[in-house]
Amino acid sequence: NILISAFGRNGDFDKVDECLNEMKLNNIALQIITYSTLINAYGKKNDLDKVEEYLNEMKLNNIEPNGVIHNTLISVFGKNGDFDKIDEYVNEMKSNNIKPNIFIYNTLISIFGKNGYFDKIDECVSEMKSNNIEPNGVMYNTLITLYGKNDDFDKVEEIINEMESNEIVPYHVLRRTINRVKKKDFWLLHRKATWMNEL
């Protein structure tokens with residue numbers, strides 16, 4: 001598994017195949033960590049056929065995907081804008097009684113934000129809170145970045161207020177994000193005032 005992971009990271013998929021063949025020749029059963037490693041490696045390569053091939057093989061071997069694999073699948077197909085697949089894997093996960101964790105919600109929120117589906121972000125956050133999962137610093141950073149890029153500064157302010165009410169102290173990356181968005185907000189207000197004066 002370590003070799004497959006290392007070769008996959010370096011893009012040496014011939015070596016990945018060699019490792020797999022050797023495992024099978026030595027009757028070493030592929031376990032969930034093996035499939036997780038393969039799906040992650042081929043996902044980064046953007047080889048969606050291989051991703052689904054190993055997912056199906058895993059299921060044929062009566063190994064159900066776990067939360068880590070679902071998160072990888074959502075991320076891989078999200079990068080390709082395949083929202084039907086995202087829905088399929090989220091529904092499959094829930095039908096297998098695997099509750100989405102904060103990492104999966106963060107992946108979904110990032111994908112929806114990058115594609116402009118801010119109503120879907122609101123749905124994710126609401127569902128997350130209804131499952132008693134509170135946003136952490138990483139998620140607040142993601143939300144502020146996405147809404148800042150969308151120039152929705154009212155939402156950014158709302159998120160910052162929520163952070164403060166939850167007594168979440170921003171770490172250095174989050175502080176930089178907040179400062180960057182605030183500067184952008186100030187610049188836009190300045191430009192609007194200039195445009196008004198020019199009319």
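The side chains of Lys15 and Glu18 meet in a salt bridge, with 3.8 Å from N to O. A salt bridge here is a side-chain nitrogen of Lys or Arg within 4 Å of a carboxyl oxygen of Asp or Glu. Before I go on, please note that this is a predicted model, in which local features need pLDDT of at least 70 and side-chain atom pairs count only at pLDDT 80 or more, while totals for chains, interfaces and linings use all residues. Residues are numbered from 1 along each chain as its sequence is written, and side-chain values use heavy atoms, with hydrogens and water left out.

Why are Lys15 and Glu18 separated by about one helical turn? They are 3 residues apart in helix H2, residues 13–25, and therefore about one turn apart. Helices are DSSP runs of H or I with at least four residues, strands are runs of E with at least two, and both are numbered from the N terminus. An α-helix has 3.6 residues a turn, so residues three or four places apart point the same way. Lys15 is partly exposed, with a relative accessible area of 33%, and Glu18 is partly exposed at 46%. By these terms, buried means under 20% relative accessible area, exposed means over 50%, and partly exposed lies in between, using a 1.4 Å probe and protein chains only.

A second pair is found in helix H4, residues 48–60, where Glu53 and Lys50 lie 3 residues apart, about one turn of the helix. Their salt bridge has its closest N and O atoms 3.7 Å apart. Glu53 is partly exposed, with a relative accessible area of 38%, and Lys50 is partly exposed at 22%.

Let us turn to a third pair. The side chains of Lys155 and Asp122 form a salt bridge of 3.7 Å, N to O. This pair links distant parts of the chain, with Lys155 in helix H10 (residues 153–165) and Asp122 in helix H8, 33 residues apart. Asp122 is partly exposed, at a relative accessible area of 35%. How many salt bridges does a search of the whole structure find? The search finds 9.

Now to helix H7. Its 13 residues, 102–114, should span 18 Å at 1.5 Å a residue, and its end C-alpha atoms are 18 Å apart, which agrees. The expected span is 1.5 Å times one less than the number of residues in the helix. Is H7 largely enclosed or largely open? Of its 13 residues, 11 are buried, so H7 is largely enclosed by the rest of the structure. Among the buried residues are Ile102, Tyr105, Asn106 and Phe112. What covers the buried residues includes helix H5 (67–79), helix H6 (83–95), helix H8 (118–130) and helix H9 (137–149), where contact means heavy atoms within 4.5 Å. Just after H7, Gly116 takes a positive phi of about 80°.

Finally, two asparagines in loops. Most residues other than glycine have a negative phi. Asn46, although not a glycine, has a positive phi of about 70°. Asn46 sits in the loop between helix H3 (32–44) and H4, and is partly exposed at a relative accessible area of 41%. Asn97 has a positive phi near 60° and is found in the loop between H6 and H7. At 71% relative accessibility, Asn97 counts as exposed.
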